[in-house]
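Here are my notes on the model you sent. Please read them with the coordinates open.

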Amino acid sequence: MFARRALLALLLLMPHAALAGSPALNLILPRGAQRGTELLVNLHGERLAEPQTLLFYRPGISLKSLESVNAGHVRATLTLAPDCPLGLHPIRLVTSSGISHVRLFAVGNCPEIAEAEPNSDRRTPQRVTLPTTINGTIDAEDVDYFAFDAAAGQRLNFEIEAMRLGDSVFDPHLSVFDAAGAVVASADDTMLVRQDCVISHVFAQAGPYTVAVREASFRGDGNCRYRLHVGEFPRPQGVYPPGGAPGAAVDVRWLGDPACSTERVTIPETAAGDFALFPCTPAGVAPSGVPFRVDVLAQTLEVEPNDAIDTATPAAAPGALAGVLQAPGDVDWYRFSVVKGQGYDIRVQGRSLRSPIDSVIGVRRVGGDQSADNDDAAGPDSALRFTATDDGQCALYIHDLLRGGGELYTYRVEISPVVPRLQLSAPPEFQHLAVPQANRNAMVVSLARQDYGGALRLAIGQPPAGVTLLGAVAEGPAGVEMPASLNTMPIVLEAAADAPLAAALCDFVARPADGAATPTAAFAQTVRLTEFMDNTMAAAELSRLPVAVTRRAPFSIQLDEPRVPLVRRGRVDIRVVAQRADGFAEPIPLRVLWTPPGVGSGTATIPADKTDATIALDANDGAALGSWPLVVVAVANVDGPLQVASQYAHLQVAEAQLDLALERARLTQGAQGEMLVKAKRKAGFAGTATAELRGLPKNVSAPPLQVTADAAEWRFALSAAADAPVGRYDGVYVAVTIPLEGGAIAFASPANQLFVDAPLPPEAPQAAAPPPPPGQPPSDPGRRSRPARRPEFAPGGAGGGT
């Protein structure tokens, strides 16, 4: 460890190249290209100097050349293979200083053209030849018109990619006009492509036609970009069955486009979960895929009639059920055997497959009273867990919430045994790790556990050369351990001093620490690209972690290992030391990357002329006990934000040594009083500790006490000045400091009340008694006076003596 620190310090003193902060990739132009071509693309953003490479999440695109135009502009030559997968490809730019945000690049099958202004008047449209993909932009109140010819009886399909590109919240609208200006077809939102839209139209007469693109509310700006596909390519909007097994040849029926009906498709052996099928005919390939579910469950197709429990389609559990609600009001029933004590997770894949169904499902025990129902446990889709109380038969029904139905109302119900499952991901702010040479960087990972509570081992597969995953609890060739008690934790990567600049998309997996084969989880993250009113409008689904080695940073940080525990209701300060390269005099903001449950942290900044700072940690009454990983990150301005991380330290969270109860007290202005504290020994301590009353009002004081662990009561002497403010003070508490070698343990009692009262006013002197009337003897001062007789009242209500 000493050698590593010494080498790091030496490298920071060496001259360093001009540095830039993390790159920001804002735009790729053009927004897509035809597969089987080579093209020049322009990448625009900030801090793009010294580009190194592009990271492609999907196969089929290769980088031929990469050059810097200036700090905000990079040119790249891309080669798209003839069999490059169609659709959206996530891409990141890597520079010598970091990894960019993810951006989407579209791959199509039609020849590509660019919109040419002026084309904002229906009388002067831009003429296009079909099939084509048009790349355009909609400005404020803009409408783009494109003219084409159609034959009588010809079916043409129009599909626009706009919202899906992830550039802006652009809700497109399409209209098709005949030569007289009449609208023959229009579309706004289409379930298959969500806020984007599709038109499939058969032209009754031959002649010239025009298609118009606009924003649905006639808004727009320079970021409203689109790709309009027009041609005879197939454009179904659904598929049946909506799922199948990996490696299987499946005869599917396309829904929503009479020009293509059936096709035999082979599911790749490696496919799993959410997949997409691309309809293909001699006229072309659909621009985007139809969602299709892939898993190993045996699939049962519904057999009509099955709209009652008596005619339910026989099925098996575990298994998958596939059907269509063919008409409004349709209900489909299935019957299957269950085993006593076996739990089943039942999940509908409907809206997730872009079906319009808003499913409702229910399970009924045949001949019994056990039942379960659900509507929207998985968003618009349904899900429930069902445990059989006996061997026998169960029946399952499914219908649409609003009793809708039709050709596109497909569904797939997956009935799986309850087994442990894991999902490995990261919070949205952690999307990649760029690690400077001879330095570290860190991120937080999260794990969703279902029916599994064991320890796990995290491993990053094939990171760039010279990059190591450090261990928080335990490390080895198989990765680092995530304890059973954690669902989130920080991970730290370190790059060697001689690590070459490089980047990779890495497999990141979690496996049981005991060596068991299951459950396992691969990293998956949904990156939001555009949002509207907290709704995700476009996103990228990513399955690997980007890791890069970048140029040396002009600073690093080291965390002093805490030498005393953080106790419940306590506080500890941790020291962070920065090593600066010559000439680097920027402030270095610090924050704790992650804290265990019940522990909070502040922030700090190392001033430009300093090399260290402290960050405070505090623990509440229920803070999780144990030893926890502690990592601090620093983000300084190096021509933009640049982040590095400390090494791992270990934070010990423990019970407080004493259980303290502060009793309520009352005090008068200008007087003395006391406040009682009852102390109960827990862990105890040796020697004496200092106890202080805090939260006292102005001009009220109490000298600190020296206390021992065995003292059951402490009494604080209170003193109030004559001008101490009168009132009730709820925030009075006791702070205890226990000195130890290397630091001090500090904790506090729960708060209680102190009342400050004004003194009572002095009593007024009594006047002398008047002399008695003449003839009456003076009263005897020692004799008690008799009270006057209370008058009685007569039954009639008039008062009178008796």
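1. How far is the sulfur of Cys197 from the closest cysteine sulfur, and in which residue does that sulfur lie? The separation is 14 Å, and the partner is Cys224. That is too far for a bond. Keep in mind that this is a predicted model.

2. The structure holds zero disulfides. Cys197 has 0% relative accessibility, so it counts as buried. Cys394 also counts as buried, because its relative accessibility is 0%.

3. Next, the overall build. The chain has one helix and 71 strands. Its radius of gyration is 38 Å, whereas the globule rule gives 28 Å for 802 residues. The chain is therefore more spread out than a compact globule. The C-alpha trace spans about 135 × 100 × 65 Å along its principal axes. Of the 802 residues, 49% are buried.

4. Strand β61 covers residues 649-654. It pairs with β52 in the parallel sense, over two bridges. Val567 stands opposite Ala654 in β61.

5. Now take β56, residues 603-606. Which of its residues form the covered face, and which the uncovered one? Ala604 and Ile606 are on the covered face. Thr603 and Thr605 are on the uncovered face.

6. Strand β54, residues 588-592, pairs with β56 in the antiparallel sense. Four bridges join the two. Ile588 stands opposite Ile606, and Ile606 belongs to the covered face of β56.

7. β20 (238-240) and β27 (290-294) each supply at least two of its residues. By type, the lining divides into eight nonpolar, four polar and one charged.

8. Then the open space. The second largest pocket has a volume of about 470 Å³. Its lining counts 22 residues. Nearest the centre are Ser22, Ile99, Glu429, His432 and Gln643.

9. Which strands each supply at least two residues of the lining of this second largest pocket? They are β39 (433-436), β40 (439-450) and β60 (641-645). The lining divides into eleven nonpolar, eight polar and three charged residues.

10. Start at Cys197, with its sulfur 14 Å from that of Cys224. Go on to Ile588, opposite Ile606 in β56. Finish at the second largest pocket, where Glu429 and His432 are among the residues nearest the centre.

Methods:
Residues numbered from 1 in each chain as written. Predicted model: local features only at pLDDT ≥ 70, side-chain atom pairs only at ≥ 80, totals over all residues. Heavy atoms only, no water. Nonpolar A, V, L, I, M, F, W, Y, C, P; charged D, E, K, R; others polar. 1 Å grid on protein atoms, 1.4 Å probe; cavity = no way out; pocket = protein on both sides within 12 Å on 5 of 7 lines; lining within 4 Å. Points joined across faces, edges and corners; volume = space filled by probe spheres on them. Disulfide = S-S within 2.5 Å. Buried < 20%, exposed > 50% of the residue type's maximum accessible area, 1.4 Å probe, protein only. Pairing = 2+ DSSP bridges. Rg over C-alpha atoms; globule rule 2.2 N^0.38 Å.
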